[in-house]
Amino acid sequence: MEIIAIGPENLEREHICCAITEKKGENCAALKKAWMRERFAEGLVCPSRFRGQ
């Protein structure tokens, strides 16, 4: 396993939906990523997670 940090530079290529939402599906992940892009601009910092879980 590899520990990664999610940020604006890798948000699009990382799988996030199962880690941060109860809803499932590609549309939900796209909406969450759009929300995160806006929050990153405001200074959001996401904790690291494990890739390969």
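Guide: Start with a term: accessible areas here come from the Shrake-Rupley method with a 1.4 Å probe. Also, this is a predicted model.

Visitor: Fine. What does the accessible surface of the protein chain come to, and what share belongs to carbon and sulfur atoms?

Guide: About 4000 Å² for the protein chain, with 56% belonging to carbon and sulfur atoms.

Visitor: And how much of the chain counts as buried?

Guide: Of its 53 residues, 30% count as buried.

Visitor: Which residues make up the largest nonpolar core?

Guide: Seven residues: Ile4, Ile6, Leu11, Ile16, Met36, Phe40 and Cys46. As background, nonpolar side chains in soluble globular proteins tend to be buried together.

Visitor: Take Phe40. What does Phe40 touch, leaving out residues up to four places away in sequence?

Guide: Phe40 touches Ile6, Leu11 and Cys46, plus Gly7 and Pro8. Ile6, Leu11 and Cys46 belong to the largest nonpolar core along with Phe40.

Visitor: Now the fold. What pattern does the protein chain follow along the sequence?

Guide: The pattern reads β-α-α-β. That is two helices and two strands.

Visitor: What share of the contacts with a separation of 6 or more comes from residues 24 or more positions apart?

Guide: Such pairs account for 59% of those contacts in the protein chain.

Visitor: Switching to charges. How many salt bridges are there?

Guide: Three. One of them pairs Arg37 with Glu12, the closest N and O atoms being 2.2 Å apart. This pair links distant parts of the chain, 25 residues apart. Arg37 is in helix α2 (residues 26–41), while Glu12 is in the loop between β1 (2–5) and α1 (17–20).

Visitor: Which residues does Arg39 bridge to?

Guide: Glu38 is one partner, with the closest N and O atoms 3.4 Å apart. Glu42 is another, at 2.9 Å, N to O. Shared partners join Glu38, Arg39 and Glu42 into one network.

Visitor: Then what sits over the ring of Trp35?

Guide: The charged end of Lys32, 5.4 Å from the ring's centre.

Notes
Residues are numbered from 1 along each chain as its sequence is written. This is a predicted model: local features need pLDDT of at least 70, side-chain atom pairs count only at pLDDT 80 or more; totals for chains, interfaces and linings use all residues. Side-chain values use heavy atoms; hydrogens and water are left out. A charge sits over a ring if NZ of Lys or CZ of Arg is within 6 Å of the ring centre and within 35 degrees of the ring normal. A nonpolar core is a set of buried Ala, Val, Leu, Ile, Met, Phe, Trp, Tyr and Cys residues joined through side-chain atoms within 4.5 Å. Buried means under 20% relative accessible area, exposed over 50%, partly exposed in between (1.4 Å probe, protein chains only). Contact means heavy atoms within 4.5 Å. Helices (H or I, at least four residues) and strands (E, at least two) are DSSP runs, numbered from the N terminus. A salt bridge is a side-chain nitrogen of Lys or Arg within 4 Å of a carboxyl oxygen of Asp or Glu.
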